[in-house]
Amino acid sequence: MKSQALDIVDLHAWYGESHILHGVNLSVGQGEVVTLLGRNGAGRTTTLRAIMGLTGRRTGSIKVKGRETIALPTYKVAHTGVGYCPEERGIFSSLSTEENLMLPPMVSKTDKGMSLEEIYDMFPNLAERRNSQGTRLSGGEQQMLAVARILRTGAKLLLLDEISEGLAPVIVQALARMITTLKSKGYTIVMVEQNFRFAAPLADRFYVMEHGQIVEHFPSEKLDSMMPVLNELLGV
């Protein structure tokens, strides 16, 4: 059995007075790609944010590679080797592509981040635009840069929120190739995705969320037989 990269038990999370997550249980093995499915407002993004310590109060257990992180501040969670790519991307638009890539510090004592050469090898678009200002990048290039920046830090557990949203099919295909490549290099990936066609071929396992809880969980081999249930839950 694979060792656990992430183990969440009975996770509750709040924004102010609003109780968003109601006892989430989720585990991700080392080197797995896991997709969180659900309608908007189901709690998927909040789950990623709770892992990073970006919500309000949290209770329960969040273990990263066996280490309890629920009481840690966000910067210390990052130092356990977790990288978060939020939906809004958060690149520095006034800086060039290469300047954005030079900014992130190494967060892992054991895992070295990717070199610029490795990044440009994986993202040829970014190599071509290395001197372009962030504002001049297309939405797809900004998304690639947001993920590439995390890879520079040495993080090996990646939390990716809606990375395919609103992008042209050719860019979505490039992101799918990226995820396949990262998986082959031993990265662990948790994805929140609306784009079912994008997520389905990439994931080893699926969790379905509704009202801040996990309501279904199944491996990729069962995807076909689960489609009627998914149609009902998600309107896929």
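Residues are numbered from 1 along each chain as its sequence is written, and side-chain values use heavy atoms, with hydrogens and water left out. In this predicted model, local features need pLDDT of at least 70 and side-chain atom pairs count only at pLDDT 80 or more, while totals for chains, interfaces and linings use all residues.

The empty spaces come first. Rolling a probe the size of a water molecule over the atoms shows where empty space is left. On a 1 Å grid over the protein atoms alone, a cavity is a set of points where a 1.4 Å probe fits but cannot get out; a pocket is an open set with protein on both sides within 12 Å along at least five of seven lines, and lining residues have an atom within 4 Å of a point. A volume is the space filled by probe spheres set on the points, which are joined across faces, edges and corners.

The largest pocket has a volume of about 460 Å³. Its lining consists of 21 residues, and Gly83, Tyr84, Arg149, Ile150 and Thr153 lie nearest the centre. Two or more lining residues come from each of α2 (74-78), β6 (82-85) and α6 (139-151); helices (H or I, at least four residues) and strands (E, at least two) are DSSP runs, numbered from the N terminus. Strand β6 gives the largest share, four residues. By class, this lining holds 15 nonpolar, four polar and two charged residues (Ala, Val, Leu, Ile, Met, Phe, Trp, Tyr, Cys and Pro count as nonpolar, Asp, Glu, Lys and Arg as charged, and the others, Gly among them, as polar).

The second largest pocket has a volume of about 190 Å³. Its lining includes Met122, Phe123 and Arg177, and its largest share, seven residues, comes from α7. There is also one cavity of 30 Å³ or more. Among the residues that line this largest cavity are Ala5, Gln30 and Lys156.

Lys156 also takes part in a ring contact: its charged end sits over the ring of Tyr187, 5.2 Å from the centre (NZ of Lys or CZ of Arg is within 6 Å of the ring centre and within 35 degrees of the ring normal). Arg57 lies over the face of Trp14, at 3.9 Å from the ring centre.

A search of the whole structure finds one aromatic pair (rings of Phe, Tyr and Trp, its six-membered ring, with centres within 6.5 Å; planes under 30 degrees apart count as stacked, over 60 as edge-to-face and the rest as tilted). The rings of Phe206 and Phe218 have centres 5.3 Å apart and planes at 20°, so the pair is stacked. Phe206 belongs to strand β9 (residues 205-210) and Phe218 to strand β10 (residues 213-219). Phe206 is buried, at 0% relative accessible area (buried means under 20%, exposed over 50%, partly exposed in between, with a 1.4 Å probe and protein chains only). Phe218 is buried at 2%.

Arg44 pairs with Glu162, the closest N and O atoms being 3.5 Å apart, and the two residues are 118 apart in the chain. Both Arg44 and Glu162 are buried. Another salt bridge joins Glu141 and Arg129, at 2.9 Å from N to O. Glu141 is buried at 10% relative accessible area, whereas Arg129 is partly exposed at 23%.

Terms used. Salt bridge = Lys/Arg side-chain N within 4 Å of Asp/Glu carboxyl O.
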